[in-house]
Amino acid sequence: MSSLEIRDLHVAIGEKPIVKGLSLTIQSGEVHAIMGPNGTGKSTLSKAIAGHPDYTITQGDVLLDGESILEQEPDERARAGIFLAFQYPSEVPGVSIANFLRAAVQARMSEGEELDATAYYKRLYQKMDLLKIDRKFTSRSVNDGFSGGEKKRCEILQMAMLEPKFALMDETDSGLDIDALRIVAEGVNTLRGPGLGVLMITHYQRLLNYIVPDFVHVMYDGRIVKSGDKSLALELEARGYDWVKQELALT
Ligand code: ADP
Ligand code: MG
């Protein structure tokens, strides 16, 4: 059992405060969704947890299994089991997915430890079978002419290979086309289980028709202003975000 605890987190970009006191604890096995209007700080939250250097944590803490990760470099956080998906990995022509994933797996290993090629391919093929990915897929170059769906498939496979404790998934603001949505949903539903905690960040309720979260949180102006179960997502779809803002204005 692992936990990821976000404790009164404040994040600034330059001088500008974006996340303004956000607290949330995710246990392994749980899927949490954060929803909220554009510009509310959702992507800032996920990048700050992953350790992106442009995001300054001005207050609060992030703890993995009770230990602060804020002093750790992004690669140390990744090695500790935090995976940030949906970051638009750039095209890497000439590097096959198989080799790209191998480098990613190797990078998560401790110094001096060598990745055994036979064992690696065995595991890769197991994960591909699990996710129903065609063997031909891994000989293609990373993101070279990929469709939205293929990019997602590559990321889900990467997640399956790295076996993170916590996956932070930030749906892009432009959203996902239906093919990409289905791939992400099937992938997450296949990988979800007692060893994995998921923070699913989404602008759209749609995704949550396919990935049923255990908890739903509404983020507004850098804070979580409302939490509930999956019915909250349905309510948001039906009523939009304005009623949440109105409720806030009354309190
Ligand atoms: P969301 O993901 O909820 O749409 P973001 O975290 O992307 O919100 O953005 C929150 C706020 O931070 C927005 O007002 C946005 O303009 C600002 N912002 C995001 N990235 C940067 C950046 N690199 N430099 C300056 N401001 C930024
Ligand atoms: Mg965003």
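Start by selecting helix 3 (residues 97-107) and helix 4 (residues 117-130), whose axes come within 11 Å and cross at roughly 110°. Helices here are DSSP runs of H or I with at least four residues, strands are runs of E with at least two, and both are numbered from the N terminus. Axes are lines fitted to C-alpha atoms, for helices over the stretch in contact, and angles run from 0 to 180 degrees between N-to-C directions. Helix 3 and helix 4 are therefore roughly perpendicular to each other, a label for angles of 65 to 115 degrees.

Helix 3 brings Ala98, Asn99, Leu101, Arg102 and Val105, while helix 4 brings Ala117, Tyr120, Tyr121, Arg123 and Leu124.

A word on the model: it is predicted, local features need pLDDT of at least 70, side-chain atom pairs count only at pLDDT 80 or more, and totals for chains, interfaces and linings use all residues. Residues are numbered from 1 along each chain as its sequence is written, chains are lettered from A and ligands numbered from 1 in the order in which they are written, and side-chain values use heavy atoms, with hydrogens and water left out.

Next, select Leu124, Met169, Met200, Ile211 and Leu236: these have the most contacts inside the largest nonpolar core, which has 50 residues. Such a core is a set of buried Ala, Val, Leu, Ile, Met, Phe, Trp, Tyr and Cys residues joined through side-chain atoms within 4.5 Å. Helix 5 (residues 148-162) gives the most to this core, with seven residues. Another core, of 24 residues, lies apart from it and includes Val11, Leu64, Ile82 and Leu168.

Is threonine 44 buried or exposed? Threonine 44 sits in helix 1 (residues 42-50) and is buried, with a relative accessible area of 9%. Buried means under 20% relative accessible area, exposed over 50%, and partly exposed in between (1.4 Å probe, protein chains only). Beyond its neighbours within four places in sequence, threonine 44 touches Val11, Ile13, Ile18, Val19 and Tyr55.

Finish with two loops. Aspartate 65 lies between strand 4 (55-64) and strand 5 (67-68), and has a positive phi of about 50° although it is not a glycine. Aspartate 221, between strand 11 (215-220) and strand 12 (223-228), also has a positive phi, near 50°. Most residues other than glycine have a negative phi. Aspartate 65 is partly exposed at 35% relative accessibility, and aspartate 221 is partly exposed at 37%.

Conventions. Angles under 35 degrees count as roughly parallel, over 145 as roughly antiparallel, 65 to 115 as roughly perpendicular and the rest as oblique. Contact means heavy atoms within 4.5 Å.
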